[in-house]
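Notes below, in the order I looked things up.

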Amino acid sequence: MSTMKVCVLFRPLNPKELSEFADAVSVQGINSESFIVKDEKEQEFDFTFDRVFYQGSEQADIYEFLALPIVQGALDAINGTIITYGQTGAGKTYCMEGPSIVDCESKKKGLLQRVVDGLFEAITNSEKPSKYTIKLSMVEIYMEKVRDLFDLSKDNIQIKESKVHGIVLNGATEVAISNSAEALQSLSSGIANRAVGETQMNMSSSRSHCLYIFIVHQDLTKDKRTKFGKLILVDLAGSEKVEKTGAEGKILEEAKTINQSLTALGKVINAMTSSTPGKPTHIPYRDSKLTRILQDALGGCSQTALLCCCSPSPSNSSESLSTLRFGARAKHVKASVHASCKEDLDNTKDATVYTYVDESRERILAKLRERMTADDVQLLEKLFVLEGIFFDPNSIDEIEAAYEDVTSRTISSLHKAVEELSTGVEKMKRENVALKASLKVSEEFYQHQLERRSLCFIL
């Protein structure tokens, strides 16, 4: 079992922070792995991570330590995920994309450009008798909808699960890329479609979580096998405090959705790191689109690296502490990493035939056959399968995924019902205590009144 690699990046102070606190910082470095952070009350907190990148760190150093091992793993059919996390304006997107995805000097290139270069460089230098192909997808999670940034007409992509490929985005555009220049041009067009907005913390604030997905196929002609590795880079939208960002209207609604999905991510991490050994624990992956898509990265067979981006300024110490505590928790997440491969389907066919009969499906198709030609019904049936309205009757993966989905949703609903019931019971207990106290006061008052009347009668 491997653990998640967690690093921290402290970006340089921005002009607003310099004008408020000059060059004062709340971070005291100890070494390349440990540091001390002071909160707003000057209380000190110690943290230790896999690597700390202080102000002035080079983008190349971050790539080589954090991302390069994952890039190499993707070429060996090991899935990998790199996530940037932190408050809005903490430098996540800059670290991911650099100042510009295409026209950027080498020294300032972000993780994304370096990953692209690293993939093609490794393929060029590979001595294996293999044929490589790379496909690129790019989506954003905006207001809890998965949108295709290469095709804006696909604004509500469905999330599916496959035994072979794990979590997949059904129908997301895949662009074949054969070199770095093609990849960067495609990424540039996708980035131009991303949702951004202006806040008091950031002139160009990301209003969505963005995922850059590289699928590396490796055809081993000698062994007649196909290996594939999935590499995902995730630029999370930043957590926001309304009093600092000044968000209102549409920007405020976006901020609420962003914070809700980040809260769901925190709950998943907490559930994964606070479970009792030997006791089953429900992990609420389906509470948000973000955690559902990251299910493989967080609890599956993926190498995962987390870069916590922070401001070193005292004005943002509370937000930085929150980010660091999240990172410290994530360090305890464990995953079982292994290569993904499948036999050549032309030579190894499964003799088992799976059948699945859905009465409602057949009833609908029978009605359609009464009104349409057989060819029309067949085309419509194929469309329904593609859109997920019907399951493919010959696909056991679809059936099992659907069963697991229903089971998980039921468990999640039961957990929520228990939580609501517990909250209701606690509320009733408090009301009961308050009622008893009120009743006691009333009884004492009534007794006092009786005593006064008796005294008056005697007199």
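This is a predicted model: local features need pLDDT of at least 70, side-chain atom pairs count only at pLDDT 80 or more; totals for chains, interfaces and linings use all residues.

I started with Val234 and asked: buried or exposed? Val234 counts as buried because its relative accessibility is 0%; buried means under 20% relative accessible area, exposed over 50%, and partly exposed in between, with a 1.4 Å probe and protein chains only. Val234 sits in strand S16, residues 225-235. Helices (DSSP H or I, at least four residues) and strands (DSSP E, at least two) are numbered from the N terminus.

Next I listed what Val234 touches, skipping neighbours within four places in sequence: Thr81, Ile82, Ile83, Thr84, Met96, Cys210, Leu211 and Leu294. Contact here means heavy atoms within 4.5 Å.

Residues are numbered from 1 along each chain as its sequence is written, and side-chain values use heavy atoms, with hydrogens and water left out.

Then the overall tally. I get 13 helices and 19 strands, and 41% of the 459 residues are buried. Among contacts with a separation of 6 or more, 69% are between residues 24 or more positions apart.

On to the cores. A nonpolar core is a set of buried Ala, Val, Leu, Ile, Met, Phe, Trp, Tyr and Cys residues joined through side-chain atoms within 4.5 Å. The largest has 50 residues, and Phe35, Leu169, Leu298 and Leu306 touch the most other members. Helix H7 (residues 250-273) gives this core its largest share, 7 residues. A separate core holds 41 residues, including Ile101, Phe120, Ile134 and Cys210.

I also looked at one sheet. Three strands make an open, antiparallel sheet in the order S3-S4-S5; strands pair if DSSP finds at least two bridges between them. S3 (27-29) and S5 (44-48) are the edge strands with a single partner each, so one side of each has no neighbour in the sheet. From one strand to the next the twist averages 25°. S4 (residues 34-38) and S5 pair over 5 bridges, with Ser34 opposite Thr48 and Ile36 partnered by Asp46. The two strands form a hairpin with 5 residues between them, and Glu42 in the turn has a positive phi of about 70°.

Which residues of S5 are on its covered face? Phe45 and Phe47 are, whereas Glu44, Asp46 and Thr48 are on the uncovered one. Axes are lines fitted to C-alpha atoms, for helices over the stretch in contact, and angles run from 0 to 180 degrees between N-to-C directions.

Last, I checked for holes. The search turned up 2 cavities of 30 Å³ or more; a cavity is a set of points on a 1 Å grid over the protein atoms alone where a 1.4 Å probe fits but cannot get out, and lining residues have an atom within 4 Å of a point. H7 gives the largest share of its lining, 4 residues. Among the lining residues are Tyr142, Arg207, His209 and Glu254.

Notes
On a 1 Å grid over the protein atoms alone, a cavity is a set of points where a 1.4 Å probe fits but cannot get out, and a pocket is an open set with protein on both sides within 12 Å along at least five of seven lines; lining residues have an atom within 4 Å of a point. Grid points are joined across faces, edges and corners, and a volume is the space filled by probe spheres set on the points.
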